[in-house]
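Me: Could you take a close look at one part of this model for me, the salt bridges and what surrounds them? I'd like the cut-offs spelled out as you go.

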Amino acid sequence: MAKRGVIIVAGGVGQRMGATMPKQFMMLGQEPILARTINLFSEALPKAELVVVLPEEHIALWRNLAARFDVAPHKIAPGGKERFDSVKSGLAALSDEVETIAVHDAVRPLATKKLIIRLALAAEEAEAVIPVVAPHDSIRQVEGESSHIVDRSHFRMVQTPQFFQAEVLRKAYSQTFSPLFTDDASVVEAAGHKITLAEGEEQNIKITTPIDLTIAEAIIADRDEA
């Protein structure tokens, strides 16, 4: 079995959440969002190396917070100005032994272990595997002050975790940063590699706003009841 590494990017400051505390440290259920995400990957991929990338000014806060909860062992790496820089920092913290690497948003704590394992296995056969879901809403393309409807069947909403062959991801991140790099798949694609799409999960939401947190709490409550 390929040795795996996981980079959990926790660079948010919570501006859209309207909170004084960064959103990755906010409580969801009985534990901080970041703790839930770390433990999720520890359970799904027990032998994987886990690296959490945090803004340098938040590292001490996280160490103090994590000490109060049962959080799986993990390394901490300092983040950078752009997400691109943060992932590069996470890559540097992983050992050279890892063969596949997952990159995940810290504020997506609701992915299932089943999804993570399925993507990890798919990444052993492909250069890059990313989870996607089909949009349910109508989509319009805006051009200046005009817009027109587009066929939503041609579009997919991208999620994380995104899994990559380690060599592919490391080489891709040797490129110069571009504003077009909106996720790790876009970095790898710009380096000339094929992106394989896999079915994601509707409940694998990114917690960005207060309504997202309310929805996440409802999902957790529903899972606990089940």
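Reply: Happy to. Let's start with Lys-3, which forms a salt bridge with Glu-49, their closest N and O atoms being 3.8 Å apart. A salt bridge here is a side-chain nitrogen of Lys or Arg within 4 Å of a carboxyl oxygen of Asp or Glu. Because Lys-3 lies in the segment before strand S1 (4-9) and Glu-49 in strand S4 (residues 49-54), the pair ties together parts that are 46 residues apart in sequence. Strands (E, at least two residues) and helices (H or I, at least four) are DSSP runs, numbered from the N terminus.

Some housekeeping before we go on: this is a predicted model, in which local features need pLDDT of at least 70 and side-chain atom pairs count only at pLDDT 80 or more, while totals for chains, interfaces and linings use all residues. Residues are numbered from 1 along each chain as its sequence is written, and side-chain values use heavy atoms, with hydrogens and water left out.

How accessible are the two partners? Lys-3 counts as partly exposed at 26% relative accessibility, whereas Glu-49 is buried, with a relative accessible area of 14%. The cut-offs are under 20% relative accessible area for buried, over 50% for exposed and partly exposed in between, with a 1.4 Å probe and protein chains only.

Glu-49 also forms a salt bridge with Lys-75, again with the closest N and O atoms 3.8 Å apart. This pair links distant parts of the chain, since Glu-49 is in strand S4 and Lys-75 in strand S5 (residues 75-78), 26 residues apart. Lys-75 is partly exposed, with a relative accessible area of 39%.

Back at Lys-3, one of the residues in contact with it is Thr-100, where contact means heavy atoms within 4.5 Å. Thr-100 lies in strand S6 and is buried, with a relative accessible area of 1%. Leaving aside neighbours within four places in sequence, the contacts of Thr-100 also include Ala-2, Arg-4, Gly-5, Ala-123, Phe-164, Gln-165 and Ala-166.

The side chains of Asp-105 and Arg-108 meet at 3.1 Å, N to O. Both Asp-105 and Arg-108 are buried. Salt bridges that share partners join Arg-83, Asp-105, Arg-108 and Asp-184 into one network.

Pro-109 counts as buried, at 4% relative accessibility. Not counting residues up to four places away in sequence, Pro-109 touches Leu-28, Ile-33, Arg-36, Thr-37, Leu-40, Ile-205 and Ile-207. Pro-109 and Ala-134 are 25 residues apart in sequence and 20 Å apart in space, C-alpha to C-alpha.

Finally, a word on the aromatic side chains: Phe-84, Tyr-173, Phe-177 and Phe-181 form one aromatic cluster. A search of the whole structure finds five aromatic pairs. Rings of Phe, Tyr and Trp (its six-membered ring) pair if their centres lie within 6.5 Å; planes under 30 degrees apart count as stacked, over 60 as edge-to-face and the rest as tilted.
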